[in-house]
Amino acid sequence: METNQHIQIRQEKVNALRDMGINPFPNKFKPKHTCADLSKRFENDDKDTLENVTDSFTLAGRIMLLREFGKLAFFSLADASGRLQCSVSVDTTGKEQYDIFKKYVDMGDIIGVEGRMTRTQKGELTLAADRFEIINKSKRPLPDKFKGLSDTETRYRQRYVDLIMNDDVKETFKKRSQIVSAIREYMTEAGFMEVETPMLHHKASGAAARPFETYHNALSMEMKLRIAPELHLKRLVVGGFDRVFEINRNFRNEGVSVRHNPEFTMMEFYAAYWDYHDLMDFSAKLIEHCAIKAMGTTELTYGEHKVSLKAPFTKLSMKEALLTIGEVSEDDLVSIESMKAVAQKRGVQLSKWGDYGQCFLELFEELCEEKLIDPTFIYDYPTSTSPLSRPKDGAEEWTERAELFCVGRELGNLFSELNDPVDQANRFQDQIDQMDKGNDEAMAYDEDYVRALEYGMPYAGGMGIGIDRLVMLLTNQASIRDVILFPHLRPESGSEAASNGAVPTAETDAGNKLDTSNYKFVCVVNKKAETGAVINAAVKMAAGLGATFGGNLKTVTFKDASEAEHGNVPNVPVVVLKADNANKIRAVRALAEEEGVAYSDFNASMALGDATEQRKVLSALSDDDLDYQGICLFGPEDVVNQLTKKFSLYR
């Protein structure tokens, strides 16, 4: 039966209840108990013991499972605390009420029940209701009870249904709340005062990121959603608040990925008379505290890794990390040229505009970051990449800055704060120079912050911790979208109906032109494949995407050496990159599906014989067995860049 038919049938039930004088949406029933309370209270009582319990109990919740047996019906009732089996029968409610239940109550409805506790013949604890009340007659049916809600995009778009159907999802967000509460508890006990600072800024500052821009109509001025609260918090330190922290949203107009959401939660804190060593020690104990409070242990599993969050954490200078983990030599780090040379040998690219410090940082990110599994502080960052950090005494090309990494990703950024107003002004100017060279994430010059420093700020340390990533780590979630209740997705509409979850096709977008002005076409090929096979794969993949986008992508038809015509080949610039092997391409394919980016892939079996033979071969293989020769991606430039940033040009 189609969903629309289900909706119509349920609406007819709503109308029938109203005709009978029964309000299908009342607001008078008051539950006095919860499923978890009753389950725990009577978990050890047998049927005979429960027969002597004369108290009546009231619950309210959603019907998740419903089984009817003639004059008796069992259902699983779910409230915020958990689930409990309930029953209604002719004997307990009377025939008239039971007939109403049987005829008008469906799975997914919210009802209130009142009755006594008992056990079934199979021994299951049950509330036998002698009274029930429909609290909300649901109009849409829940997903199939056996298949559940498994489609990833639907889960994110309809989080309300996801929470109804998947108890593990609900548990993740309960853990998130506990983690945030544990942070507040620890910070308050350490003498920090929680504050709130502006979300709307005149200038984007406090981090290297691209901001969202908006306009204040009343004041006739452009404004930006904050990328970080840092400079406002340090103004408070200038004003005499020695220890402050804030847990709130930041907004960065960057790519969306399994690790990034444009709107995310961060905790930043600042302490006068602390340096970066104090911050490292304190934050390790803070994270240990959160693990114990929320998870009950510091020994966790994340994906395939065992991770211990027992403080203290490992500390390595960035140079030590490059030498030991990145396996480069001292000579490789002598100059920009030597670093670019070793980067090329390793198959990675460094920024064309980068100075020595920028190249040093990028080399670390490419060669070391993903190998940092256990919690590790990487300290002593280049000054040119750390415009707000205090320089190291006697080595001013380096700063007292550190970042915390775990399971290959950054969890926090900290440093001894720069409090010399002249030096700070020069650093801001350096950022402006970088902006002029093409760094669109360089920081704006903030004159008022320099003025604040001129009044004098005690030496201090500050740190930002990504709450979303911390929750991902503690709850073993691979995607940031699984720890954000309502992650950002493209609008669900006719003009943006997705092919592969994202992009309009010729059929779904008829008469509705898609704006692809900010889209990028990238082809990633397996460098182990023969050149001829690569060219064949690239053309077929490109044609596949060309057909997918219909009139939204300019295409051409060309003839090969045998005069055979090939249509739908995109007539747009294509960046061709190389991957080390088929597994790398397989990983990009998975990420493209996750991010809703349109793609077309090609594997070796697609070059065999005709379509019948290809289908025969493919049916006998699993995805892990496929020898991927390439993948083409077409989507928003920032997203595609994020998915392919690890690959170098195919030459």
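This is a predicted model: local features need pLDDT of at least 70, side-chain atom pairs count only at pLDDT 80 or more; totals for chains, interfaces and linings use all residues.
Contact here means heavy atoms within 4.5 Å.

**Barrel**

Five strands form a closed barrel with mixed pairing, in the order S1-S2-S3-S5-S4. On average, neighbouring strands of this sheet are turned by 50° against each other, direction ignored. Helix H5 packs on the sheet and touches S1, S2, S3, S4 and S5. The direction of H5 makes about 65° with that of S2. The residue ranges are as follows.

| Element | Residues |
|---|---|
| Strand S1 | 57-69 |
| Strand S2 | 72-79 |
| Strand S3 | 82-89 |
| Helix H5 | 95-104 |
| Strand S4 | 110-119 |
| Strand S5 | 125-136 |

S1 and S4 run antiparallel and are joined by six bridges. Within this pair, Ala60 stands opposite Gly112 in S4.

**Helix H14**

Helix H14 covers residues 421-436, which is 16 residues. From its first C-alpha to its last H14 reaches 23 Å, close to the 22 Å expected at 1.5 Å a residue. At the N-terminal end, Asp420 caps H14, with a side-chain oxygen 3.0 Å from the backbone nitrogen of Val422. Just after the helix, Gly438 takes a positive phi of about 120°.

Which residues of H14 are buried? They are Pro421, Asp423, Gln424, Ala425, Arg427, Phe428, Gln431 and Gln434. An α-helix has 3.6 residues a turn, so residues three or four places apart point the same way. The buried residues of H14 pack against helix H9 (230-238), strand S16 (391-392), strand S17 (395-406) and helix H15 (447-454).

Key. Residues are numbered from 1 along each chain as its sequence is written. Side-chain values use heavy atoms; hydrogens and water are left out. Two strands pair if DSSP finds at least two bridges between them. Helices (H or I, at least four residues) and strands (E, at least two) are DSSP runs, numbered from the N terminus. Axes are lines fitted to C-alpha atoms, for helices over the stretch in contact, and angles run from 0 to 180 degrees between N-to-C directions. The expected span of a helix is 1.5 Å times one less than its number of residues. Buried means under 20% relative accessible area, exposed over 50%, partly exposed in between (1.4 Å probe, protein chains only). A polar contact is a pair of N or O atoms within 3.5 Å; within protein, one must be able to donate a hydrogen and the other to accept it, and residues adjacent in sequence count only if both atoms are side-chain atoms.
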